[in-house]
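Dear colleague,

Please read them with the model open beside you.

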Amino acid sequence: MPLKQKDKTMKEKFNILTATCVPLPLQNVDTDQIIPARFLKATDKKGFGDNLFRDWRYDKQGNKTSFVLNDPTYADSKVLVAGKNFGSGSSREHAAWAIAGYGFRAVISCFFADIFRNNALNNFVLPVVVSEPFLAELFETIKNNPKAIIKIDLPAQTVTNITTGNSEKFEINSYKKHCLENGLDDIDFLLSNKDKIEDWEKKHVQA
Amino acid sequence: MNTLFDKIWDAHVVQKVEDGPAQLYIDRLYCHEVTSPQAFAGLRERGLRCFRPKQIFCMPDHNTPTHDQDKPIADPVSKKQVDTLSKNAKDFGLSHYGMMEPKNGIIHVVGPERGLTLPGMTIVCGDSHTSTHGAMGAVAFGIGTSEVEMVLASQCILQAKPKSMRITIDGTLQAGVTAKDMALFLMSKMTTSGATGYFVEYAGEAIRNLSMEGRLTLCNLSIEMGARGGMIAPDETTFAYIKGKEYAPKGDAWNKALAYWETLKSDKDAIFDKEIVFQAKDIEPMITYGTNPGMGMSINQHIPTEETISKEARDSFNKALNYMGFKPGDSLLGKKIDYVFLGSCTNGRIEDFRAFTSFVKGKHKADNVIAWVVPGSWEVDKQIREEGLDVILKESGFAIRQPGCSACLAMNDDKIPEGKYAVSTSNRNFEGRQGPGARTLLASPLVAAAAAVTGVITDPRDFIK
């Protein structure tokens, strides 16, 4: 694979992650909830983690609610576990920046919205698609033991509920897997192909 | 045996990465102020210029106020974001239509109306409603900011090819039923994830009979079923709409383009990964009752009861109804509302203003309703005035505001207050979308007009029978 990225674009590599999880057993969690529009006015990528799920985490006076992210039990969790169709709606990459900025390295669900999935991958947050029974069991496991451990093995493409021992394979294309394992992004790959782009342009005179 | 989508996508593949995405050439990149600043910052960090600046068009729309646009934006954070886009466009040599310029407006309204969006193109923008442009027979889809940076740097994007779906709507729409109702109907049947992973082609008699504006509304909402994009094969309606537009090809170039555009249709024996058929006669004026666009129903139906909702979805269902202040089994007809919003990239075009105005003509806005009537662009504003719709609106108690995304996502000061009900022609009823605590009921311009003059949720057909 002709990857020629340079060190200056290196991001946090992803290989094997063993961590506790934050459960969010709601379906159709949209990116407006992950990061409300009024926080999209920044011109850099910093600070979005503070406003992750802002309107679920804080009431209008700014006091903490009973939302799961405010539960100190889950303070060190690196994995968010969510219901079906996570990240639907707006294409805002700020949602991925908020999740990464908060400290999550992976999101587990049985179904992700397309744009969010790409955005997460481009920020080295791994979206892990599991079966509905695996997800239901994982929610149950966390309910019984909030400190339950999940192991995500990217090289082997497996996710394991350590408490029950149940393990599943997950899908990721080998190009993106290589990028995550090595901390590489897409831009230098594209730039290294400029001759191919120009060739395409020569063959396709635009209408 | 190719689909329309295959034809355009495949023609734009520069190369296929082994066991990975396609490297797709992009004809047009649209940039607005919210999702582009970090992409330009990334270019600067890497010391790069834009690869094909002539194919990139920028305009602010999300933060723009809908009044006093001739003065500096009062909110300093919004102002900075809008100014940043202007500076980036200047620094990188890109076309930029700033606030108050005749070509400014919501990017998904301006692209088609200026002839920037053309059949056969690949079009991306850091905005999920980029699916709008598919109505012109283009492959158009929303992307994230990292992907915007890819296109700025290389005019290409790495993207897995979606699966294909055809949604056919046969027959003729009933009176009082619009493209918006068609879309809300599809979402209610498909759910917000029913088309995730797919690129949708809309076909059938009811689609063919839609105006260009109606098609733009329908394709705009494709993302709300989770689809990567939606598209309609270009035809005489499309060509007539494009002809003479500022950036449309002219003279010999027009004839050549037209000959190509006429080939842009799915082959008769094309195979789609999924095919779904609906009947136009089954579609009625729609309204949403929940907190995602799939939670919609015919305006005279009742909200579902809890037993009809699957066990896994019940918590989300109850959370949504609790937020909206509704109960399972409720009817919404006669329910008092507080705000009406006409506008957005979904329903901010001239046809939407004609429909709204045709309904409110000779009637007056209800006293309990605050109405925000926001054209999608200055061009739409101009058309409104040329057709005298402004006079009718004024006589009926509606003031026209200045163009922009406005209350669709409330990034400017057009926010629906907490707990208030808004009948909105926009695209999303998510919690807090139109302002913290705001309660949104998505509907067509006709349903919005009926609510605006009666002050309650009303079936517009009661007036047009």
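In chain B, the C-alpha centres of domain 1 and domain 2 lie 24 Å apart, where the domain bounds come from an automatic or database domain assignment. That assignment gives 4-274 for domain 1 of chain B and 285-464 for domain 2 of chain B.

Please keep in mind that this is a predicted model, in which local features need pLDDT of at least 70 and side-chain atom pairs count only at pLDDT 80 or more, while totals for chains, interfaces and linings use all residues. Residues are numbered from 1 along each chain as its sequence is written, and chains are lettered from A and ligands numbered from 1 in the order in which they are written.

Between the domains of chain B, 39 residues of domain 1 are in contact with 43 residues of domain 2 (contact means that the C-beta atoms, placed from the backbone, lie within 7 Å). On the domain 1 side, the elements that give two or more residues are α4 (107-113), α6 (179-190) and α8 (212-220) of chain B, and α6(B) provides the largest share, six residues. Helices here are DSSP runs of H or I of at least four residues, and strands are runs of E of at least two, numbered from the N terminus.

Chain B also has an open sheet of four strands in the order β11-β10-β9-β12, with parallel pairing (two strands pair if DSSP finds at least two bridges between them). Because β11 (229-231) and β12 (274-279) of chain B stand at the edges with a single partner strand each, one side of each is left without a neighbour in the sheet. Strand β10 (198-203) of chain B pairs with β11(B) over three bridges, and Phe199(B) has Gly229(B) as its bridge partner in β11(B).

With best regards

How values were computed
Two residues are in contact if their C-beta atoms, placed from the backbone, lie within 7 Å.
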